[in-house]
Amino acid sequence: MIDIDFSGKNVLLTGGGGGIGAGIARRFAVAGARVHLADLKLEMMDRIVSEFKAAGYNYATHALDITDEAAVNKLVDSIVAEDGQLDMLCNCAGIVDNNTYMDTTAETFEKVLAVNLVGMHKCIQAALKHMMPRGFGKIVNVASISARKGVPYQPAYSASKFGVQSLTQSVALTAAASNINVNAICPGFVIENSGMYETTIAKMAERRGVKSNEEMLEVLKSIVPLKRLQSPDDMGNAVVFLCSDMAANITGQALNVDGGVFMN
Ligand SMILES: NC(=O)c1ccc[n+]([C@@H]2O[C@H](COP(=O)([O-])OP(=O)(O)OC[C@H]3O[C@@H](n4cnc5c(N)ncnc54)[C@H](O)[C@@H]3O)[C@@H](O)[C@H]2O)c1
């Protein structure tokens, strides 16, 4: 068995109340990390908090809007003051748009970029202020398979996720000399407890003339070479690997965790 031990290490995870966030939080906690869960409102993390309480994991919750730069800096500074350091950052918070390109207003475009890309940048910069002088850190950004090919019915989302790949590479080059690894994962189809998929799946079904969400899930499975959807824990496994010593020589990469939909 591969043993990843994050005892004595901490992580800040944004979007901690979401479906994928739960899987990532769980894998960090199982590996022994102290997990700082952040989401827009504390109650959004109730489900993961009851799981963590029952399991006795080491965690803290924080209400945070990642578009609020002052709040992001304040939170990161307070974690460093309390724990003595910030070892790892996983940027998972995100929103989706489900509009055709011609129906995408500039306002929608700006909102999606403000969260998925600029919000992520604010979190990374706040973390690097501490990680770079220390000469240690791991950062994983959650992109998407929508970062691999344009999506006509999610144009702002896809553009934001292409941006995440670029940001990941630029930050990886910036931070490499400070012994900091910066990578991304590109999840495929993750349905379990995903707030954003609840609306997306219905729209997908409508667009394709598929009768129900259940049938739509079968269509999605048929697209995946491994013929299964992905789980939040699949994403957690990839993220903890990228934060571990086993991935010490991996930086600036975007790892597809999609059952083989994209192979690049
Ligand atoms: N579900 C999928 O199939 C899938 C596929 C590819 C990529 N992703 C990406 O994975 C990440 C998580 O998605 P999910 O499926 O768990 O969706 P989700 O909606 O369940 O989780 C997203 C979380 O981000 C939080 N969030 C949104 N805006 C925020 C802000 N301004 N500040 C702080 N938190 C904010 C939400 O409250 C929510 O808890 C997203 O970045 C998404 O783009 C998801």
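**Figure 1. Helices and strands of the protein chain.** The protein chain of this predicted model contains 8 helices and 7 strands. Its C-alpha trace spans about 55 × 40 × 35 Å along the principal axes. A compact globule of 264 residues would have a radius of gyration near 18 Å, and the value for the protein chain, 18 Å, agrees with this expectation. Of the 264 residues in the protein chain, 51% are buried.

**Figure 2. The shell of residues around the ligand.** The ligand is surrounded by 30 residues, and the closest of them are D39, Y157, V190, S194 and G195. When the shell is sorted by class, 17 of its residues are nonpolar, 10 are polar and 3 are charged. Three helices, α1 (19-30), α5 (155-175) and α6 (195-208), each contribute at least two residues to the shell, and the largest share, 3 residues, is supplied by α6. The shell also draws on two domains, since at least three of its residues come from domain 1 (10-188 + 231-257) and at least three from domain 2 (189-229).

Figure 3. Which residue has a side-chain N or O atom 2.9 Å from a nitrogen atom of the ligand? That residue is D65. Backbone atoms also take part in this view: a backbone N or O atom of M196 lies 3.1 Å from an oxygen atom of the ligand, and a backbone N or O atom of G18 lies 3.3 Å from an oxygen atom of the ligand. On its own the ligand has 820 Å² of accessible area, and the protein covers 93% of this area.

Figure 4. D87 is placed in the loop between helix α3 (69-83) and strand β4 (88-91). Is D87 buried or exposed? D87 counts as buried because its relative accessible area is 2%, which is under the 20% limit used for that word. The side chain of D87 makes a polar contact with the side chain of R134, at a distance of 3.0 Å.

Figure 5. Most residues other than glycine have a negative phi. The place of K227 is in the loop between helix α7 (213-223) and helix α8 (232-243).

Figure 6. A60 belongs to strand β3, which is made up of residues 59-63. With a relative accessible area of 14%, A60 is buried, for the limit that defines a buried residue is under 20%. How far apart are A60 and K203, in sequence and in space? The two residues are separated by 143 residues in sequence, and their C-alpha atoms are 35 Å apart in space.

Methods: Residues are numbered from 1 along each chain as its sequence is written. This is a predicted model: local features need pLDDT of at least 70, side-chain atom pairs count only at pLDDT 80 or more; totals for chains, interfaces and linings use all residues. Side-chain values use heavy atoms; hydrogens and water are left out. A residue is near a molecule or strand if one of its heavy atoms lies within 4 Å of it. A polar contact is a pair of N or O atoms within 3.5 Å; within protein, one must be able to donate a hydrogen and the other to accept it, and residues adjacent in sequence count only if both atoms are side-chain atoms. Accessible areas come from the Shrake-Rupley method with a 1.4 Å probe; for residues, only the protein chains shown count as cover. Helices (H or I, at least four residues) and strands (E, at least two) are DSSP runs, numbered from the N terminus. Ala, Val, Leu, Ile, Met, Phe, Trp, Tyr, Cys and Pro count as nonpolar, Asp, Glu, Lys and Arg as charged, and the others, Gly among them, as polar. Domain bounds come from an automatic or database domain assignment. The radius of gyration is taken over C-alpha atoms; the globule rule is 2.2 Å times the number of residues to the power 0.38. Buried means under 20% relative accessible area, exposed over 50%, partly exposed in between (1.4 Å probe, protein chains only).
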